[in-house]
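Good morning, and thank you for coming.

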Amino acid sequence: MSSTTSTLPASAPGGRADRLARSGSRESTSARPRLPRAVGLVALVVMAALWLVPLVWALVTALKTEAQAAALPLRWLPEGGFTLDSFRTVLTSSNLPLWMLNSAITSIIITAVTVLISAMAAYGFSRTTFRGRKVLFALTIAAIMVPPQILIVPLFREMLALDLVDTYWGIILPQLVAPVMVFVLKNFFDAIPVELEEAARMDGAGPFRIFWQIVLPLSRSVLAAVSIFVFIGAWNNFLWPFIVVNDPALMTMPVGLATVRNAFGVTFAADMAGAIIAALPLLIIFMLFQRQIIKGVATTGLGGQ
Amino acid sequence: MTTAAQVPATAGTRPRDPSAPVRGGSGRSGSGGGNAGLWFTLPFLVVFAGFLLWPVVYGLYLAFTDASLTGAGGDLVGFGNFGEALGDPLVWRTLLNTVYFTIASTIPLVVIPLVMALLVHLGLPGQWLWRLAFFAPYLLPVTVVSLTWVWIFQPQLGLLNDWLGAVGIGPVLWLQQESTAMWGIVIATVWWTAGFNFLLYLAGLQGIPGHVYEAAALDGAGPWRVLRSVTLPMLGRTTGLVVVLQLLSSLKVFDQIYQMTTGGPNNSTRSVLLYVYDQGFSGYRLGYASAIANIFFLIIVVLSIAQLRLFNRREA
């Protein structure tokens, strides 16, 4: 499988993906075909502007009063100036802060547990022998093909039986299964030279100590990438939390924001203020971890829908 | 957002011989004993069995029953659900809608990211800004995307109709009429997810060695010629990857449709997964919903295997 699907560059230090992750990469500009640069620049500016318009318009709307938002003709700069009223409304009289807390709690638990058990399993598959190892790994790989969306019906039944509907654990448990992460991590562990571990074994270290004190520290970069993608996936997941939770107090942010309409009628400005607040955490994470995220997508295709 | 790794990450060090796995410390002084490997994999295997394998099997079983959400029923009905599904016009309608959405979204989601990547790769100043502009929407929760685009598509107060009105078109009832609703979904989806394919293309472009361009320049090829005869052919593998990932992800569309139109008007945007949800959770027919879900799963598996074989042949 790995040999058949490897179509993108490996993440060798200083390799392509590494260069991609750093910005610029202008080293080989001179060797590139040169469209007339002015034409390229104009096209780029137009396209980037087009891509930013929806977000900027959402922000502009959020900074208006409801009356300004519903006023014709549409204005980018409202008469009477901008206001933070809508943000205040959303933060004080909606459930959004609670939903974001629910999202944070469940996503952090999902990330921590998923990364730990996936790394352990990957190490088990990569470095140890036990009966059934090959079959179990093949099963794990095959499971990558299963779209979680088709499992909503049986999973919901299972949650009913386990009495986990409308609980955090109901949201969390099914999201701990990440065969694709096991696959990515196993590939990484496969490439770590065994000699390092053998030296430690000579010194009397057991497999768990070797895993914890040698393998995991060596894998910091890939663990960071996997953690970020698991977190993003959990934070943005809509379908499963939507299925398993009906109590507004337990909803995660994407579910609450999408399904609970407020009692004050149509509120465009407040809707957009909610959207902007909900968008912020991951945009901030992207600013902080831009390199790992871009590199992760480029080298592993992680994070696909 | 689920994940799909098509490409292994390697550490850039020499690969270990996979046929010679190291023993898990059996017979050595260690904490794990002979079955350390099993202990390593056990926690994963437990959740894997409980929340993936079991639901797959249980879902297949449910498809042969008349189970309902309320707990009533549950008797085996043989292939009854499958027979009913094949004769259900809404199954065919939603399948067609799904295919329509998949084609209508995949084409722009290949072309636009390619253009973005080619432009960014020109090496103009402000690289981080371009990348942020194109990739940022991909990190938005789907609900934010839906809220934003429902607002932009709003018939009277929406930005899009405001702009179209300026050139004498409209107003268009984007999400409220059958002829345009799916296009509204496609536009929002393209805006939301183009950034991911853009990064894949950017990585592909950076993988083309400089000497290829130098050779083309020595042969006197102009920029368009280089694009057509060097750059695009060299991106063939990336394009294959982008197309396959996009097809599989577009087929599974649910979230943004549920949030923007709930499948309407008049079922014109109802996708297969929406119909599964409707049957199971609004119609309480878990057995029937499972049957449709399994038919859909079969289609996905066939496509996935076809994809693997396609890539196998390319490498051979």
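At what angle do the axes of helix α3 of chain A and helix α4 of chain B cross? Before I answer, some conventions. This is a predicted model, in which local features need pLDDT of at least 70 and side-chain atom pairs count only at pLDDT 80 or more, while totals for chains, interfaces and linings use all residues. Residues are numbered from 1 along each chain as its sequence is written, and chains are lettered from A and ligands numbered from 1 in the order in which they are written.

To the answer. Helix α3 (residues 37-62) of chain A and helix α4 (residues 127-135) of chain B have axes that cross at roughly 40 degrees and come within 8 Å. Helices here are DSSP runs of H or I with at least four residues, strands are runs of E with at least two, and both are numbered from the N terminus. Axes are lines fitted to C-alpha atoms, for helices over the stretch in contact, with angles from 0 to 180 degrees between N-to-C directions. The two helices are therefore oblique to each other; angles under 35 degrees count as roughly parallel, over 145 as roughly antiparallel, 65 to 115 as roughly perpendicular, and the rest as oblique. The contact is made by A:Leu44, A:Ala48, A:Trp51 and A:Leu52 on one side and B:Trp130, B:Ala133 and B:Phe134 on the other. Contact requires C-beta atoms, placed from the backbone, within 7 Å.

α3(A) also packs against helix α5 (residues 142-152) of chain B, at an angle of about 80 degrees and with the axes 10 Å apart. That makes α3(A) roughly perpendicular to α5(B). Here A:Pro54, A:Trp57, A:Ala58 and A:Thr61 meet B:Thr148, B:Trp149, B:Trp151 and B:Ile152.

Within chain A, the axes of helix α6 (residues 96-127) and helix α13 (residues 220-236) come within 9 Å and cross at roughly 140 degrees. That makes α6(A) oblique to α13(A). Among the residues that meet are A:Ser103 and A:Ile110 in α6(A), and A:Leu223 and A:Trp235 in α13(A).

I turn to chain B. Its secondary structure comes to 13 helices and zero strands. Of its 316 residues, 47% count as buried, that is, with 20 or more other C-beta atoms within 10 Å of their own; 12 or fewer means exposed, anything in between partly exposed, and C-beta atoms are placed from the backbone.

Which residues touch the most other members of the largest nonpolar core? They are A:Leu185, B:Phe198, B:Leu199 and B:Ile292, in a core of 170 residues. Such a core is a set of buried Ala, Val, Leu, Ile, Met, Phe, Trp, Tyr and Cys residues joined through C-beta atoms within 7 Å. Helix α7 (residues 178-206) of chain B gives the largest share, 18 residues. B:Ile292 touches residues including B:Ala85, B:Val272 and B:Tyr275, not counting those up to four places away in sequence.

By contrast, B:Leu218 lies in helix α8 (residues 210-218) of chain B and counts as exposed, because it has 8 C-beta neighbours inside 10 Å.

Finally, confidence. Chain B averages a pLDDT of 85, with 88% of the residues scoring at least 70; pLDDT is the predictor's confidence in each residue, from 0 to 100. Over residues 1-33 of chain B, pLDDT stays under 50. Where pLDDT is low, the predicted coordinates should not be read in detail. The predictor gives the complex an ipTM of 0.84 and a pTM of 0.85.

Key: Contact = placed C-beta atoms within 7 Å.
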